[in-house]
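The stops below are meant to be selected in the order given.

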Amino acid sequence: MISLWKQEEANKYKTDLDLRVYTSRLLGRDSSLVLHGGGNTSVKSSATNLFNETQDILYVKGSGWDLATIEAEGFAPVKMDMLLKMAELKELNDPDMVKYQRLAMTNPSAPNPSVEAILHAIIPFKFVDHTHTDAVVTITNTKNGEAKIKELYGDKVLIIPYIMPGFVLAKLIYDMTRDVDWSKFDGMVLMNHGLFTFNDDAKKSYEKTIELVDKAENYLAKNKATLHVDKQSLHVELLELASIRKEISNIKNHATISILNDSDEAIYFSKQNIEIISQQGPLTPDHVIRTKRVPAILGNDFKSDLEDYVKTYKQYFKENKKDETLLNPAPNFAILKNGATLSFGKNTKEAKIIKDINEHTFEAILKAEKLGGYKALSPAEIFEVEYWSLEQAKLKKSTSNPEFAGKIAILTQATSEKALAIAKMLNSKGAAIIALDVNPKVQSIFNKADMIGLKCDTTSQEDIKNAIALAVKSFGGIDILVNISSNEDNNNLVFQELDAFLKLGIDSNIINIITPNLDISDLNSSDIPIHTIVSGLNTDTNIIAELVCTMAGKTFLNTQDSKITLK
Ligand SMILES: [Zn+2]
């Protein structure tokens, strides 16, 4: 691992906080250090208040910000004296900690300070960098992990046994380090969690992280805990993938996006002894709110495998609960035995985050296996984080449910003005889009994680099959077909090929948008609800888009009656 620090770049940043933004982003740029909102950083500085008094302030990463893209306003300014006093308390429950941390802020509109703010405050250095680095956590998550960390770093790092994040962690470290000379240490390793480094200089604190991670990577290499995966072959049944997504949506009680990970690494992982290695638990406990503790393993009979998963999850809840409420028991990802892996989310972003976390986890597990065996935290310890009120609050915050969240729409003639307006509106209401057109420009127009363009001639069976494969692998299936037809199109082919997939969709709909002189009476071979919009040449595209959204949301309409003619 190498330092990304560039002096000429750093020279542009004048204030403590600006430099903090700069090195936080350097950390955030490497997904093997932090992923999707993981990790946190801080800087101790001072500010003058309204009464011209100087106050010591900890600027600490605000909750909801990502280190890769953080800005100055992503750091919460918290009064140091309050945080240090809080560290002296014998007990503090989590909701009170959040409340008093907020009360200690000098800007009430700043984001909530990280739940590790007190810990950052007690580390007696200006800059503090905290990451969930893959290499270090891979080593801590093995049998005798602590001994290996000692062997690797000697007495240059403080080693903290695993304890739940939040006040109890800050308190433990406060008690452990009261008589400790911090300047003797290069960093602090939190078992099964991550790494802290610190220094009065922004560059030195950041580069301590790089140095310690580099040592961990070399240690893995020296112990042959490396991974080289050859090209893997894959065969998956698209209809089975769509059926799995349907079943997952049923258990979750909402339309769900299912992303197939068919990378060589994912396929290779699915061929290992996954009954053991995939069922240990996550790499760091905060992953649990995304991935759940363990994935489902799906064999020949995925329905009964999912039933078993739900049963086991409920059992895990029963064994560990105090007064918590059961979360939905569906898995958030699954391993198709000897196949590939799937990640499930209420939208593409959520499913993609889970996929990214999995990729790092699979690699760490396979390396840890070569280092004596992967060993995660106990189910009880993971449960504590999964059902932690502060983690639950994070999830609730991001819950907004647009009308078509988790749904998947295919559009034909997608570079037409009508299609562009429809795709934009469906997507703004939550739908993932597969956009088809013979015009190759479709691929640059629709080029987002949840809007994918494909060059496709809808009179070619092979092209339509490719479009189906793209929809099922990228999103899990097909719910809505928006078929824009001209006289010369062979629409029947589209209907025939998509029919089986639409039948496995969630509240499926077909919406035909035709020109006034086109007769589509013989096109409706499907028993999926079909709505028709007959549009004149000059009809406002937004009106058409709104109609499509209304129709796609109303599956109870009797299909043959659902015909609207626009002038
Ligand atoms: Zn952490």
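A residue is called buried if 20 or more other C-beta atoms lie within 10 Å of its own, exposed if 12 or fewer, and partly exposed in between, with C-beta atoms placed from the backbone. This is a predicted model, in which local features need pLDDT of at least 70, side-chain atom pairs count only at pLDDT 80 or more, and totals for chains, interfaces and linings use all residues. Residues are numbered from 1 along each chain as its sequence is written.

Select E211 in helix α9 (residues 202-222); helices (H or I, at least four residues) and strands (E, at least two) are DSSP runs, numbered from the N terminus. E211 is partly exposed because it has 16 C-beta neighbours inside 10 Å.

Next, select N338, in the loop between β10 (333-336) and β11 (341-345). Its phi is positive, about 55°, although N338 is not a glycine. Most residues other than glycine have a negative phi. With 13 other C-beta atoms within 10 Å, N338 is partly exposed.

Go on to N192, in the loop between β6 (187-190) and β7 (194-199). N192 is not a glycine either, and has a positive phi of about 55°. Is N192 buried or exposed? N192 counts as buried, because 22 C-beta neighbours fall inside 10 Å.

Finish at helix α2 (residues 16-28), whose end C-alpha atoms are 18 Å apart. Its buried residues include L19, V21 and L26.

Definitions and conventions: The expected span of a helix is 1.5 Å times one less than its number of residues.
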